[in-house]
Amino acid sequence: GHGGSDPGAVAGGVTERALMTALRDIVADKLRAKGLTVRTDGARGINDPLASAIHLIAGSAVALELHTNASTNPAARGVEVISLPAQKLQAQRVARAIAKVLNTQVRGDGGWIDQSQSARGRLGYVARGGMVVEVFFLSNAKDLAAYQAKKWLVAQAIADTLGARA
């Protein structure tokens, strides 16, 4: 997700960058425990700028950027994964696994958003074959609390979904 000096969304006294860097580290540990090779865009606790992450896509079986969504509507909620059509099924599996843990909805087409339908427009990370995972809405206080209580389970769900692909 957001790295370098970019905090991403901010709500409830926390930043998207801090939350998703910690989640990335937990997911990476869980995948490594499954015997998988994992490359991250920064050392533990550090998230490099997006330009670094884009270079990790080539040669990867799966490439994820972890983010939180935000909205002016504090009741907005749900999980979505933005990707190219080639990653649709994997994106849906990841979104459903997260939604199950957080007891929330999947957005878009079963959790998948085609990059061409994204409000963000064309994303360089997605255009190169990566998936952008919007784990929950940081702007929703209840969803933030649910995530903080279950982040280890969210990480396990992501790792299990990705590990099943190996």
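## Model and confidence

The model is predicted: local features need pLDDT of at least 70, side-chain atom pairs count only at pLDDT 80 or more, and totals for chains, interfaces and linings use all residues. Residues are numbered from 1 along each chain as its sequence is written, and side-chain values use heavy atoms, with hydrogens and water left out.

The average pLDDT (the predictor's confidence in each residue, from 0 to 100) is 90 for the chain, and 95% of the residues score at least 70. Helix H2 (residues 50-54) has the lowest confidence, at a mean of 80, and helix H3 (residues 88-102) the highest, at 97. Helices (H or I, at least four residues) and strands (E, at least two) are DSSP runs, numbered from the N terminus.

## Helix pair H1 and H5

The axes of H1 and H5 lie 9 Å apart, and the helices pack at an angle of about 35 degrees. Axes are lines fitted to C-alpha atoms over the stretch in contact, with angles from 0 to 180 degrees between N-to-C directions.

Residues of H1 including Leu19, Leu23 and Leu31 meet a set in H5 that includes Leu144, Trp152 and Leu162; contact means heavy atoms within 4.5 Å. By class, 14 nonpolar, three polar and two charged residues make up this contact.

## Largest pocket

Helix H1 (16-33), strand E3 (64-69) and helix H5 (141-163) each supply at least two lining residues of the largest pocket. H1 gives the most, with six. The lining has 30 residues, and Leu31, Val38, Arg39, Val62 and Ala63 lie nearest the pocket centre.

How values were computed:
1 Å grid on protein atoms, 1.4 Å probe; cavity = no way out; pocket = protein on both sides within 12 Å on 5 of 7 lines; lining within 4 Å. Nonpolar A, V, L, I, M, F, W, Y, C, P; charged D, E, K, R; others polar.
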